[in-house]
Amino acid sequence: MARQYDFTGQSGAQYRYKSLDDLKPVSPGGANYLYVQWDGDAARVIYAGETDSLHRATFENWEEARAEHGAVEILARLNITGAVRRAEQADIVGKHRPPMNPLPPAPRAPRPKAEKAEGEPAPKKSARKAG
């Protein structure tokens, strides 16, 4: 029976992954994948990736994950649509903060409104011609 592991994203969505060993032969299709380290039954996500070719991309950073971060297993979730894969990756990274993934950009703070100096005229809109 295939081993399945559920991961929750920052949004609260659940994603079900399988061990890459259970997906052999490795699919040439699109997928999300995780390099993980186990602490008992709890998985620590070392890297969350997405690719249009699981077969080609799965091992790109594997040696670094193993040697520098103690990753011991690759989990994958087949997923054809690129936009869905990228959203899932961002959701997983947002929640688990894998050490090999860059942190997502911080939300931008609203820009303060410029204060008008006394006696200074208000800015004018430039005229545009309809074309």
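Me: Which residues form one aromatic cluster?
Reply: Rings of Phe, Tyr and Trp (its six-membered ring) pair if their centres lie within 6.5 Å. The model is predicted, so local features need pLDDT of at least 70, side-chain atom pairs count only at pLDDT 80 or more, and totals for chains, interfaces and linings use all residues. Residues are numbered from 1 along each chain as its sequence is written, and side-chain values use heavy atoms, with hydrogens and water left out. One aromatic cluster is formed by Tyr-33, Tyr-35, Tyr-47 and Trp-62.

Me: How many aromatic pairs are there, and what is the geometry of Phe-7 and Tyr-17?
Reply: The count under this rule is six aromatic pairs. Planes under 30 degrees apart count as stacked, over 60 as edge-to-face and the rest as tilted. The ring centres of Phe-7 and Tyr-17 are 5.6 Å apart with the planes at 85°, so this pair is edge-to-face.

Me: Where in the chain do Phe-7 and Tyr-17 lie?
Reply: Helices (H or I, at least four residues) and strands (E, at least two) are DSSP runs, numbered from the N terminus. The pair links distant parts of the chain, ten residues apart. Phe-7 is in strand β1 and Tyr-17 in strand β2.

Me: Is Tyr-17 buried or exposed?
Reply: Buried means under 20% relative accessible area, exposed over 50%, and partly exposed in between, with a 1.4 Å probe and protein chains only. Phe-7 has a relative accessible area of 5% and is buried. Tyr-17, at 1% relative accessibility, counts as buried.

Me: What class of aromatic pair do Tyr-33 and Tyr-47 form?
Reply: Both Tyr-33 and Tyr-47 are buried. Their rings are 6.1 Å apart centre to centre, with 50° between the planes, and the pair is tilted.

Me: What is the strand order in the open sheet?
Reply: Two strands pair if DSSP finds at least two bridges between them. Five bridges join β1 (residues 4-8) to β2 (residues 14-19), two join β2 to β5 (residues 73-78), and six join β3 to β5. The five strands pair antiparallel in the order β1-β2-β5-β3-β4.

Me: Which residue in the hairpin of β1 and β2 takes a positive phi?
Reply: The hairpin has five residues between the strands. The phi in question is near 100°, and the residue is Gly-12.
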